[in-house]
Amino acid sequence: MNKLQKPIFEKSRKGKIGYSFSPTEFSDDLITIDKKKLREEIKDFPQVSEVEIVRHYTNLAQLNHSVDSGFYPLGSCTMKYNPKINEKIANFEEFSTHPYSPHKFVEGNLEIITTFEEWLKKITAMAAFTLTPSAGAHGEITGMMIIKKYLSSKGDPRKIILIPDSAHGTNPASAHFAGYETKEIPSNEDGIIEIETLKEYLNKDVAALMMTNPNTLGIFEKNICKTSEILHKNGSLLYMDGANMNAFMGIVRPGDLGVDVMHLNLHKTFSTPHGGGGPGSGPVGVAPYLVELLPVPYVYKKGNNYFIKYHGEKSIGRIKNFYGNFLVIVRALAYLMSIGKEYIRKVAEDAVLNANYIRKSLEPLLELPYKSKTLHEVIFSDKNLNVTTLDIAKSLLDYGIHPFTIYFPTIVHGAMMIEPTETESKETIDEFIDAMKKILEKAKTDPEYIKNTPYTTPVSRLDEVLAARKHVLKWEKSSE
Ligand SMILES: *Cc1c(COP(=O)(O)O)cnc(C)c1O
């Protein structure tokens, strides 16, 4: 990273150009654009050479941390490595088909969609999946709409969705946008939902409980089967936020636990690129009695051919144009096929092993608010430290490590939510642990040093509130 890199506008010198064409190939009389349609002058456009512009963009790109450049233990986000073979396959020319192509011409693509759905069905024991939602949150709202339509078609519309206090913020937002009221349920001292507490909150107005499993404390909701039973007795449904499926895919299947509706995040568990805003994919799986409510279009196989269902009497309708982010599905299928079905379980086992290795290594130094078994991520608090979680996160930047998720889940004071994933080597994890030890040691002897980190980035501490409220998205001429 080059801290001294000047903004490209300040490098501009009148008359410099970044291209040169031979006059015989592109002579003036070839340019036939009507002069009136041409802009006369572009003001303040930087005039630079080709190498300067290449360096400008290369340096900008290097300012971003990515999973290709370093460790990225961002809790709840499953920032695993995205194998390059997925990219290679998604880039096959054969896949660059137009979404309006007649389905007869793209049966190969349709086969990919149904094949991937079959994999998801095997992994989750759900009866069918829609692959159209383009994010986890989009999957959640799709799931809520399915639940809503199902209950109202039974003549039993209900108003409330119960959500644990450890849930991801998207859960209440999705329920709200689907037209529900949400009610928060507290988790117990083990970090999970207690059956007795659930009973207190349950009544005939409860449409569903949205349970994240394992939850955002990295803990398995071991009462899930009983929870499902009690909900069903009450005429309510169980929605499972499956964003954390990396913790137990190949080991436990939500469909076997009594889950009615769930979503998965292909950009987390299934290794498709993540960060920078997408594109993502949040397939939604349902129990057999809800299959007809899935959104259209729905791709299916009959005999040896593939078809698309565009209408369904009971379907909630369309939630996105076309069939979802098709090339994300291609990548996720490439991932599953390249690791093979025997290895799926190992992915989860290694993810859990790595998180527990971090837990054991840092437990002597940091407060662990919930002592229950750790699955794919471990959550510490900043209790008893003389620096804050934010200070530690900023210090990690000086080690070239992306900070873990901070201050979430909100039920933990100064939460540090660390999710290493299975794709990291022991050496990388040891480097992280070592960095954490050094930071915590320094915090004892010289807290001011830690409070002023980072020292190696182009800007150090930002006024984060101001940065979020007042976006400065373009270069402005400095006044000197
Ligand atoms: C990431 C995540 C979501 C939301 O998924 P997006 O794809 O970011 O919309 C929901 N719940 C949990 C637990 C998550 O980790």
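**Ground rules.** I am working with a predicted model, where local features need pLDDT of at least 70 and side-chain atom pairs count only at pLDDT 80 or more, while totals for chains, interfaces and linings use all residues. Residues are numbered from 1 along each chain as its sequence is written, and side-chain values use heavy atoms, with hydrogens and water left out.

**Domains.** I began with the domain assignment, whose bounds come from an automatic or database source. It gives domain 1 (8-62), domain 2 (84-339) and domain 3 (343-467). I looked up the C-alpha centres of domain 1 and domain 3 and found them 45 Å apart.

**Helix α5.** For elements I use DSSP runs numbered from the N terminus: helices are H or I with at least four residues, strands are E with at least two. Helix α5 covers residues 136-153. The expected span is 1.5 Å times one less than the number of residues. For the 18 residues of α5 that is 26 Å, and the end C-alpha atoms are 26 Å apart, so the two agree. Next I checked burial (buried is under 20% relative accessible area, exposed over 50%, partly exposed in between, with a 1.4 Å probe and protein chains only). The buried residues of α5 include H138, E140, M144 and Y150. Just after α5, I noted G155 with a positive phi of about 75°.

**Strand β5.** Is this strand enclosed or open? Five of the five residues of β5 (residues 237-241) are buried, so the strand is largely enclosed by the rest of the structure. L237, Y239 and D241 cover one side and L238 and M240 the other. For its neighbours I count two strands as paired if DSSP finds at least two bridges between them. Strand β4 (residues 206-212) runs parallel to β5 with five bridges, and A208 has L237 as its bridge partner. Strand β6 (residues 261-263) is also parallel to β5, joined by three bridges, with M240 opposite M262. β4, helix α8 (residues 224-233) and β5 make a right-handed β-α-β unit; right-handed means that, with the strands pointing away from the viewer, the path from the first strand over the helix to the second runs clockwise.

**Hairpin β8-β9.** Strand β8 (residues 298-302) and β9 run antiparallel, with five bridges. They form a hairpin with two residues between them, and G303 in the turn has a positive phi of about 60°. I found K302 opposite N305.

**Rings.** I count Phe, Tyr and Trp rings (for Trp, the six-membered ring) as a pair if their centres lie within 6.5 Å; planes under 30 degrees apart are stacked, over 60 edge-to-face, and the rest tilted. The structure holds 10 aromatic pairs. In one of them, F92 and F95, the centres are 6.2 Å apart and the planes at 15°, so the pair is stacked. F92 is partly exposed at 39% relative accessibility, whereas F95 is buried at 13%. Ring pairs link F92, F95 and F326 into a cluster.

**Charges over rings.** My test is NZ of Lys or CZ of Arg within 6 Å of the ring centre and within 35 degrees of the ring normal. K148 sits over the ring of Y180, 5.4 Å from its centre, and K442 lies over Y449 at 4.8 Å.
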